[in-house]
Protein chains: 2
Amino acid sequence: VSLITLNPRPLDRALRERAASVLPGGVYGHVAADLLWPGAPQFVGRAEGAHFWDVDGNEYVDLMCSWGPLLLGHRHPAVEEAVARQHGLVDCGNGPSPVMVELAERLVGVVDHAAWAMFAKNGSDATTLCLTLARAHTSRTTILTAGGAYHGALPWCTPVACGVVPGDRAHLAHYVYNDLDSVLAAAETHAGDLAGIVVSPFKHDAGFDQELPDPAFARGVRELCDRTGALLILDDVRCGFRIAYGSSWEPLGIAPDLSAWSKGIANGYALAAVLGAERVRAAAASVFATGSFWFSGDAMAASLATLDVLEREDGVAAMQAWGRRLWDGIEAQARERGVAINLTGHATMPYLTFPDDDDYALGELFAAVCAREGLFLHPRHNWFVSTALSDTDLDVALRAIGCALDAVVAAPGRVAALDG
Amino acid sequence: VSLITLNPRPLDRALRERAASVLPGGVYGHVAADLLWPGAPQFVGRAEGAHFWDVDGNEYVDLMCSWGPLLLGHRHPAVEEAVARQHGLVDCGNGPSPVMVELAERLVGVVDHAAWAMFAKNGSDATTLCLTLARAHTSRTTILTAGGAYHGALPWCTPVACGVVPGDRAHLAHYVYNDLDSVLAAAETHAGDLAGIVVSPFKHDAGFDQELPDPAFARGVRELCDRTGALLILDDVRCGFRIAYGSSWEPLGIAPDLSAWSKGIANGYALAAVLGAERVRAAAASVFATGSFWFSGDAMAASLATLDVLEREDGVAAMQAWGRRLWDGIEAQARERGVAINLTGHATMPYLTFPDDDDYALGELFAAVCAREGLFLHPRHNWFVSTALSDTDLDVALRAIGCALDAVVAAPGRVAALDG
């Protein structure tokens with residue numbers, strides 16, 4: 001057991017104690033303390049651009065971007081101004097504001113495969129609606145997903161099957177990402193009943209090294225859908241507008257029939273979207289999809305402004321350039337120290353593990369030292385780059401990563417947090 | 001066919017045309033034009049307190065409260081101030097803000113049956129999570145719901161079964177609201193496998209006259225749950241904090257094991273909650289429930305401020321008093337004119353229909369004339385009262401309703417909207 005000295009966090013600890021009595025198991029979900037690492041901060045005090053401060057005042061360069069939503073960093077002025085303007089008119093009204101039409105028009109213009117848009121609040125809303133649309137469009141039931149892929153936390157897709165009943169997953173079948181034969185075999189098993197195939201832009205399963213899509217796999221899945229009439233559903237919730245200014249398979253030249261979006265599309269405001277091809281329009285008009293806040297204007301205004309900024313500043317290229325420099329810097333530092341690493345994923349969504357580190361002992365040590373040195377990232381989930389990250393932030397990040405790699409070299413073994 | 005002259009709405013019409021090409025079927029969901037009435041405004045231009053203006057500048061006293069969310073009216077100063085303060089710190093962060101703990105503590109203090117809280121974004125998130133928790137807690141599968149009750153728009157509960165597959169509803173069974181025998185019979189059919197029973201505070205199904213709960217029904221359902229170990233789930237999404245300052249069955253003395261909340265709890269900001277009894281805490285800690293925006297602080301700060309205002313101003317009593325005056329005024333005006341009406345529901349959530357008006361011809365005429373006279377309500381869905389409604393608003397409302405009842409007397413028959 002390696003002991004490292006972490007920043008003291010008395011306020012965080014006190015909040016965790018209060019949380020334990022009124023929130024089941026303390027904080028739950030993907031941000032829960034037990035999915036973090038020893039000594040990680042649980043509560044956020046404030047944030048600005050690409051930085052945040054925990055409740056005890058420790059500052060971090062943010063490489064998680066709130067698990068994706070912050071494309072432009074916290075409170076980007078253009079986004080805040082657009083939201084303030086819309087909010088001064090109406091946010092949650094008896095019907096939508098004109099901004100809903102403007103955003104749908106904009107997304108249809110930006111995303112190649114899209115002929116129409118529908119909006120919701122959660123990524124799970126969007127992925128679930130895609131399944132419903134595929135079933136409505138085809139009058140079939142079976143949906144294929146990649147085993148282990150994350151498409152949300154509703155009963156049909158949650159990675160923890162507690163409270164899930166057989167019906168929730170009765171009409172799902174699975175394939176192996178990037179393995180076209182496995183897709184064809186699953187399709188054959190369900191021949192005549194295949195409604196849709198859900199794909200992630202790349203394999204970004206938490207806890208596994210990431211895998212970029214094999215273009216032949218992407219083409220093969222598209223061809224299978226064309227041949228069978230099943231709909232190709234791209235789950236762009238996590239990757240959307242980090243890999244391309246358009247759907248994330250546009251660089252591959254593959255157009256899905258439906259794409260699911262959320263996280264970054266409104267730079268942190270709660271919004272999700274389904275974008276669809278013309279052929280799915282009739283099905284989309286026939287289902288009942290709604291929610292109390294799905295027509296609220298603030299998040300739509302935020303999304304329009306986010307697209308403005310991405311376009312004006314070529315934000316996707318900027319994120320990729322920053323991410324590439326981070327990537328190269330990490331590889332160089334690991335090489336200098338002779339540390340073996342697995343750096344996988346996309347330049348804007350990198351993920352670092354250590355070989356044979358099955359219990360994440362080294363990953364947790366690495367993350368803990370990074371946090372102590374002012375860099376927030378995650379040992380079991382891909383990170384996220386935003387356009388708010390500066391050259392100085394890159395220096396801070398690489399210095400922290402250097403310290404963390406030194407710690408891995410010096411004291412491999414499970415880390416135990418020790419408040420300073 | 002009766003012709004009535006409505007306010008011209010050229011901007012609304014132009015937006016509908018644009019919407020038709022980028023939103024499937026135009027605007028979808030519960031706010032869709034085809035669920036409104038001839039001549040109803042589709043798009044909202046701005047709103048303030050208990051008033052809103054359509055995009056053509058026509059003003060309305062708001063009796064729909066954005067279908068529930070506005071408990072205090074649009075942009076209540078105390079709520080706006082709390083949101084601004086939280087937003088200046090952090091909204092969507094890498095983890096929750098302290099405000100999440102504060103809100104959970106507050107709700108546990110306010111709602112009798114609650115020992116803990118979980119937060120989400122949609123009412124459907126909350127109701128679905130209740131099903132998952134009941135199944136996790138009991139290790140059983142069957143859930144009873146009242147036939148025709150609305151509990152959200154996910155595949156297991158959407159009222160339009162397009163795109164829904166058998167598995168989505170494989171473990172549901174139904175009873176008739178206020179009919180305890182029907183509950184007992186359904187429970188008997190699924191004896192040994194009953195995980196939970198979902199009840200609405202009152203029967204508020206769209207398109208049906210509303211029905212307050214029979215106390216014996218409520219007691220009987222509670223006793224059945226106690227006897228079988230199934231969980232009693234109160235869907236307080238629509239009624240929450242309009243019927244009681246606490247769960248809506250507190251006035252009946254009945255404590256559910258779980259309650260689902262959304263709509264009004266953050267006065268228009270997107271928030272949902274599940275509140276649960278101590279015995280369900282372990283199950284709640286064992287499921288994986290999460291969403292990208294579920295930990296965002298703005299809506300939680302809005303909720304705390306909403307509770308402050310409700311408490312300080314005895315907002316629930318104020319809404320009930322205003323609603324009671326509206327109710328009495330409607331009955332008096334109908335009596336004066338000799339018009340038969342069915343006015344049902346709760347003082348804060350009234351619903352008006354006309355006897356034998358099966359195609360809503362009279363209901364639509366009534367709603368259309370109310371809208372022309374500056375009052376926005378709905379012919380096929382209960383209305384909602386907010387604390388922002390004033391004495392003047394009551395005068396406007398009752399004058400509009402008088403005109404609308406006159407129209408019903410003068411020209412019964414299906415209304416066709418005619419732009420003025």
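Biologist: What share of the accessible surface of chain A belongs to carbon and sulfur atoms?
Modeller: The accessible surface of chain A comes to about 13,200 Å², worked out by the Shrake-Rupley method with a 1.4 Å probe (for residues, only the protein chains shown count as cover). Keep in mind that this is a predicted model: local features need pLDDT of at least 70, side-chain atom pairs count only at pLDDT 80 or more, and totals for chains, interfaces and linings use all residues. Carbon and sulfur atoms account for 53%.

Biologist: How many residues does chain A have, and what percentage of them is buried?
Modeller: Some bookkeeping: residues are numbered from 1 along each chain as its sequence is written, chains are lettered from A and ligands numbered from 1 in the order written, and side-chain values use heavy atoms, leaving out hydrogens and water. Buried means under 20% relative accessible area, exposed over 50%, and partly exposed in between (1.4 Å probe, protein chains only). Chain A has 420 residues, and the buried part is 68%.

Biologist: What is the radius of gyration of chain A?
Modeller: Chain A holds 11 helices and 15 strands, which are DSSP runs numbered from the N terminus (helices: H or I, at least four residues; strands: E, at least two). For 420 residues the globule rule gives 22 Å, and chain A comes close to that, so it is as compact as a globular protein of that length. The rule is 2.2 Å times the number of residues to the power 0.38, and the radius is taken over C-alpha atoms. For chain A, that radius is 22 Å.

Biologist: Which residue of chain A has the C-alpha nearest the axis?
Modeller: Chain A superposes on chain B by a rotation of 180° with 0.0 Å of shift along its axis (RMSD 0.0 Å), fitted by least squares on the C-alpha atoms of residues with pLDDT of at least 70 in both. The two copies are thus related as by a two-fold rotation axis. At 2.0 Å from that axis, the nearest C-alpha in chain A is that of A:Gly167.

Biologist: Is A:Asn267 buried or exposed?
Modeller: A:Asn267 sits in the loop between strand 10 (258–261) and strand 11 (272–276) of chain A. Its phi is near 50°, a positive value in a residue other than glycine. With 5% relative accessibility, A:Asn267 counts as buried.

Biologist: What is the relative accessibility of B:Lys263?
Modeller: B:Lys263 lies in the loop between strand 10 (258–261) and strand 11 (272–276) of chain B, with a positive phi near 40°. B:Lys263 counts as buried, because its relative accessibility is 11%.
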